[in-house]
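Biologist: I have a chain to go through with you. Can we take the residues one by one?

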Amino acid sequence: MAASDTIKLLGVDAEINYVRNPPSRQGEVITFVTEAEERSTMETLPGRTVRITNARPLDPVLDREGFALVPHKSSIVDFDRIQDDPEIDQCYIDEMADLLAQVTGATQTFMLGRAKKRYGEGAKDKLVGLSNAKPARYPHADNTDASATGLVDLVGAFVEEIDLTGYSRYALYNMWRAVSAPPQDFPLAVCDAQTVAPEDEVTVTAITVEQGAGEIRHDTTGYRYNPAHRWYYFRDMSPEEVLVFKAHDTDRRRSIRVPHSAFTDPTCTAGVPTRASVEMRGLALFA
């Protein structure tokens with residue numbers, strides 16, 4: 001094996017675009033506008049060059065590092081049909097709910113909405129007609145403690161099967177699948193939750209437009225740079241793997257949420273088809 005190949009297997013040095021302008025006073029809000037990033041008040045550039053380690057030789061644990069890679073062969077043949085075919089959407093919802101139950105040991109699992117397609121900026125034909133479909137290139141988690149609680153309460157009010165009474169704990173998860181063949185030009189990096197301090201977190205109000213729902217504002221967590229952070233990725237993911245990671249957990253003894261970000265892999269061969277991915281968000285209830 002060539003020395004360059006060995007280096008790639010160990011990891012890469014790449015840029016992570018941390019939040020550079022955290023609120024300077026209480027009550028101040030910074031925003032990220034997904035469909036018009038020039039209107040965002042959050043500032044992230046220039047990025048920080050960090051080491052992103054290939055996690056394949058490791059054995060990360062959901063309740064410790066906050067993420068895990070699991071094998072899963074979907075029955076979906078054409079992932080481009082997600083969000084376009086209700087039957088395919090429901091099939092994938094059922095598959096991911098079953099997988100989340102297997103991975104977490106939860107008593108009940110629910111998917112929070114349908115799957116979401118994302119494509120690299122170069123896939124202009126596939127991005128037409130989609131909203132919030134490009135990779136997010138700054139470290140974030142999809143909720144804050146408060147917005148996670150509000151989200152679960154809101155879903156519970158409309159979904160009869162969700163009843164939080166009688167459960168000792170609930171947790172939110174992201175389920176991310178690369179559906180383009182490797183290598184990926186914009187892989188997903190995840191940060192070991194054990195290396196993140198509370199003071200690293202910054203509330204960022206994400207503003208997006210969803211089909212049929214109009215403008216949505218939701219508080220997410222952004223991150224300031226901390227040299228203690230340890231970043232990982234799974235090199236050359238296949239469509240038969242799912243990266244599961246934490247978005248919230250009511251049990252504070254476990255990992256709570258995982259910063260994650262798309263990044264440009266400087267070792268990826270030029271000219272490969274840009275990365276395509278499908279993600280879902282799930283709720284797990286524990287007796």
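Biologist: Is Asp236 buried, partly exposed or exposed?

Modeller: Bear in mind that this is a predicted model. Asp236 sits in the loop between β12 (231-233) and β13 (241-249). Its relative accessibility is 37%. Buried means under 20% and exposed means over 50%, so Asp236 at 37% counts as partly exposed.

Biologist: What is the phi of Asp236?

Modeller: Most residues other than glycine have a negative phi. Asp236 is not a glycine, yet its phi is positive, at about 55°.

Biologist: And Asn132, is that residue buried or exposed?

Modeller: Asn132 lies in the loop between α3 (124-127) and β7 (140-141). Asn132 is not a glycine either, and has a positive phi of about 50°. The cut-off for buried is under 20%. Asn132 has 17% relative accessibility, so Asn132 counts as buried.

Biologist: What is omega for the cis bond that joins Pro182 and Pro183?

Modeller: Pro183 is found in the loop between β8 (169-178) and β9 (188-191). A cis peptide bond joins Pro182 to Pro183, with omega at about 5°.

Biologist: Is Asn54 buried or exposed?

Modeller: Asn54 belongs to strand β3 (residues 48-54). Among the residues it touches are Leu9, Leu10, Gly11 and Tyr233. Its relative accessibility is 5%, and the limit is under 20%, so Asn54 counts as buried.

Biologist: Which backbone nitrogen lies 3.4 Å from a polar atom of the Asn54 side chain?

Modeller: The side chain of Asn54 has a polar atom 3.2 Å from the backbone nitrogen of Arg56. At 3.4 Å, the backbone nitrogen is that of Arg235.

Biologist: Which side chain makes a 2.7 Å polar contact with that of Asp265?

Modeller: Asp265 lies in the loop between β14 (260-262) and β15. At 6% relative accessibility, Asp265 counts as buried. Beyond its sequence neighbours up to four places away, Asp265 touches Val12, Gln184, Asp185, Pro187, Tyr233 and Arg235. Its 2.7 Å side-chain polar contact is with Thr267.

Biologist: Which element gives the most residues to the largest nonpolar core?

Modeller: Of the 25 residues in that core, Tyr92, Met111, Tyr173, Met175 and Val244 touch the most other members. Two or more residues each come from β4 (67-71), α2 (86-104), β8, β13 and β15 (276-286). The element that gives the most, with seven residues, is α2.

Biologist: Is Pro139 buried or exposed?

Modeller: Pro139 is found in the loop between α3 and β7. Leaving aside neighbours within four places in sequence, Pro139 is in contact with Ile16, Asn17, Tyr18, Thr221, Gly222, Tyr223, Trp231, His260 and Ser261. At 0% relative accessibility, Pro139 counts as buried.

Biologist: How far apart in space are Pro139 and Tyr225?

Modeller: In sequence, Pro139 and Tyr225 are 86 residues apart. From C-alpha to C-alpha, the distance between Pro139 and Tyr225 is 9.5 Å.

Biologist: How far apart in space are Pro227 and Val50?

Modeller: Pro227 is in the loop between β11 (214-223) and β12. Pro227 counts as exposed, at 56% relative accessibility. In sequence, Pro227 and Val50 are 177 residues apart, but C-alpha to C-alpha they are separated by 8.5 Å.

Biologist: How many charged residues are in the lining of the second largest pocket?

Modeller: The space in this pocket is about 200 Å³. Its lining includes Glu201, Arg252, Arg254 and Arg257. By class, the lining has five nonpolar residues and one polar residue, and the charged residues number four.

Terms used: Residues are numbered from 1 along each chain as its sequence is written. This is a predicted model: local features need pLDDT of at least 70, side-chain atom pairs count only at pLDDT 80 or more; totals for chains, interfaces and linings use all residues. Side-chain values use heavy atoms; hydrogens and water are left out. Helices (H or I, at least four residues) and strands (E, at least two) are DSSP runs, numbered from the N terminus. Buried means under 20% relative accessible area, exposed over 50%, partly exposed in between (1.4 Å probe, protein chains only). A polar contact is a pair of N or O atoms within 3.5 Å; within protein, one must be able to donate a hydrogen and the other to accept it, and residues adjacent in sequence count only if both atoms are side-chain atoms. Contact means heavy atoms within 4.5 Å. On a 1 Å grid over the protein atoms alone, a cavity is a set of points where a 1.4 Å probe fits but cannot get out, and a pocket is an open set with protein on both sides within 12 Å along at least five of seven lines; lining residues have an atom within 4 Å of a point. Grid points are joined across faces, edges and corners, and a volume is the space filled by probe spheres set on the points. Ala, Val, Leu, Ile, Met, Phe, Trp, Tyr, Cys and Pro count as nonpolar, Asp, Glu, Lys and Arg as charged, and the others, Gly among them, as polar. A nonpolar core is a set of buried Ala, Val, Leu, Ile, Met, Phe, Trp, Tyr and Cys residues joined through side-chain atoms within 4.5 Å.
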